[in-house]
Amino acid sequence: MIPVMSLQNYLVVGAILFALGMIGFLARRNFIVMFLSAEMMLQGVAINLVAFARHRGNLQGQAFVLFILTVAACEAAIALALILTLYRSRRSLDVSIWQDLREAGQDATVDEEPLPPPPAEPSLPKLTPAGIEPKHPEEMSHV
Amino acid sequence: MVAFIWIGGEIISVESFLFCAFSALVIVSGVMLISQHNPVHAALSFAVVVLSTCGLFLLQAAPFLMAATAIIYAGAIVVTFLFVIMLAQQAGLSDADLRSREPFLATLAGFLVLGGLVYLIKQSFNTRELDALLNQAQAAAEKDSPAEMTRVLGSEDEFFLKVQRALEKISGSPEKVGLLNELLNTRASWNEWKGVNEREKMRNALALIAEQGAQVRDAAGTLRPHESQPLSEFSIPSAELAGRENLAPLGRSLFTDFLIPVELAGTLLLVATIGAIAITGRRGEARR
C-alpha cells in the first residue's frame, strides 16, 4: 500500500513519540533518563506543530517550535544542575531515594520488585601458594 | 517534480519513503531510549531520535528548524547529558538503571494516552463515509431522469439523512453550516421537484451538495479558525516566498507576531543561566 503523505501521518508519529516519552518518564528511575524521556515528549509536540505549520501554510507553528527549543534548553540547564546537586548529596541517581520530598499525607511507595542479583565476581585464576612442592601421587602406569 | 523509487515491486514517492524511514527510526530509537539499561546508550538513542525528527522537519519544509534542533539538541543538550552521566556514574551501572518503577502501570498509562490520541485523530480525519455519499450524489447528478437518480440514491430521504449525519461527525470545517442548510432545503423541496419532473433543479442541487461536500471534506480536521477571527497576516509567507524561503518569513513572524515572546525567551535563557550557576556553584559554601 502506498502511504498517503498527509497531516494525520505526522500527527500519529508525534502521538507515538509523546506516549513513548510518557512511558519512559513514568517507568524509569534514573533522573537523566527521565529527563531524556521528557525531552522526547517535547519532540513529539514539535512534530505536530511543524506538521500543522506546513499544512496551513502559516509559520506560527514553526515559531512555536523555536520557543519549545528555548524552553528545552533552559530546562536542560536547570535540570542538570539540580541532578548534580542531588547526586552530590546522596551519591545516587535513583529517584525513589528522594521519596521524602513527596506530598504530605501520601504513603511511600515500596519496591515490590526485588533487587537484581549482584554482578558475579570476575573469576581470577587461582595460584598455588608458594612454598615446598607438595608430594605428587605416584604414577601408576609405566611405559 | 515528484520523484519515484521502486521498492519490492511497488512505486513509492521519495517523500513517502523518507517519511516512513525517518518515522520508523524515530519510533525504534524512542523504544531503545526507554528500554536500555545503560543511560549512555539511552542518551545516544535520544540523539538518534532528535536527528530523525530533524529529517521529519526537513520533509515538512522547515530547514531552519532542522538546523536549530540538530545544533541545540543533538549538539548541546545531548552532549551535556552525556557529560553529566560520565560525571555521576563513574562506577558503571547502578541499581537505579537495572530496575524500572511500576512498568506495567506506566505502559498501561502510555498506551491509554496513545489510544486516546489516535482515536481522536481518526475521528477528525476519517471522511470515508462522507466520501462514499458524495460519490453517490455525484453519480446521481449525472443521470438524466428522476427515476434513474432515485435508483442511484436509493431512498432519497434516507440518503439526505445519511449525508446530514456524516456531516455532523466532521468537525473544524466552517463551510459545514452552509452545506447543512442547502441539504435541508433540497430535502424539503425534493418530492415537489420530483412530482413536476424538474430535472435541472434536482441535478443542480445534487451537484452543489457534491461540490460543497468536497470542500467540507478537504477542510476536515484542519482546525481552521472562524472567519470572524482571522490569523495574523505576518506569519503567512507571501506567494513568491512560500516553499522557497523559510528563514526570512520565519524571522518576520518572530519579530512581528511574537516580539514579546522573543524578549521573554531571551530573559528566560538569562534567568536559567543564572539559576544553573547559582544551584551548582559551591564556591560560596567553601568560603563560609
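Tutor: Happy to! Let's begin with chain B, which exposes about 16600 Å², with carbon and sulfur atoms supplying 63% of that surface. Accessible areas come from the Shrake-Rupley method with a 1.4 Å probe, and for residues only the protein chains shown count as cover. Please keep in mind that this is a predicted model, where local features need pLDDT of at least 70 and side-chain atom pairs count only at pLDDT 80 or more, while totals for chains, interfaces and linings use all residues. Residues are numbered from 1 along each chain as its sequence is written, chains are lettered from A and ligands numbered from 1 in the order in which they are written, and side-chain values use heavy atoms, with hydrogens and water left out.

Chain B has 13 helices and two strands; both kinds of element are DSSP runs numbered from the N terminus, helices being H or I over at least four residues and strands being E over at least two. Of its 288 residues, 34% count as buried. Buried means under 20% relative accessible area, exposed means over 50%, and partly exposed is in between (1.4 Å probe, protein chains only).

Of the 143 residues of chain A, 43% count as buried. Chain A exposes about 8600 Å², and carbon and sulfur atoms supply 64% of this.

Now for the meeting place. Here 89 residues of chain B are in contact with 79 residues of chain A, where contact means heavy atoms within 4.5 Å. The area buried between the two chains is about 7700 Å², and carbon and sulfur atoms give 74% of it. Buried area is the accessible area (1.4 Å probe) that two parts lose on being put together, summed over both. Three residues, Gln60(B), Arg99(B) and Arg101(B), supply 11% of the area that chain B buries against chain A, more than any other three residues.

What about polar partners? The interface holds 14 residue pairs in polar contact, both residues being at pLDDT 80 or more. A polar contact is a pair of N or O atoms within 3.5 Å; within protein, one must be able to donate a hydrogen and the other to accept it, and residues adjacent in sequence count only if both atoms are side-chain atoms. Several elements of chain B supply at least two residues each to the side that touches chain A, among them strand 2 (10–13), helix 1 (14–35) and helix 12 (259–280). Helix 3 of chain B gives the most, with 13 residues. On this side of chain B, the residues divide into 58 nonpolar, 22 polar and nine charged. In that sorting, Ala, Val, Leu, Ile, Met, Phe, Trp, Tyr, Cys and Pro count as nonpolar, Asp, Glu, Lys and Arg as charged, and the others, Gly among them, as polar.

One residue lets us zoom in. Thr70(A) is in helix 3 of chain A, and it is buried, with a relative accessible area of 16%. Its side chain reaches the backbone oxygen of Leu66(A) at 2.9 Å. Leaving aside residues up to four places away in sequence, Thr70(A) touches Ala265(B) and Leu269(B).

How many salt bridges lie between chain B and chain A? The count is zero, although the whole structure has two. A salt bridge is a side-chain nitrogen of Lys or Arg within 4 Å of a carboxyl oxygen of Asp or Glu. Side chains of opposite charge can pair when their charged atoms come close.

In one of these, the side chains of Asp94(A) and Arg29(A) meet at 3.4 Å, N to O. Asp94(A) lies in the segment after helix 3 (60–90) of chain A and Arg29(A) in the loop between helix 1 (7–27) and helix 2 (31–56), so the pair ties together parts that are 65 residues apart in sequence. Asp94(A) is buried at 6% relative accessibility, and Arg29(A) is buried at 2%.

Asp100(A) and Arg90(A) also form a salt bridge (3.4 Å, N to O). Asp100(A) sits in the segment after helix 3 of chain A and Arg90(A) in helix 3 of chain A, so this pair joins parts that are ten residues apart in sequence. Asp100(A) is exposed at 53% relative accessibility, while Arg90(A) is partly exposed at 36%.
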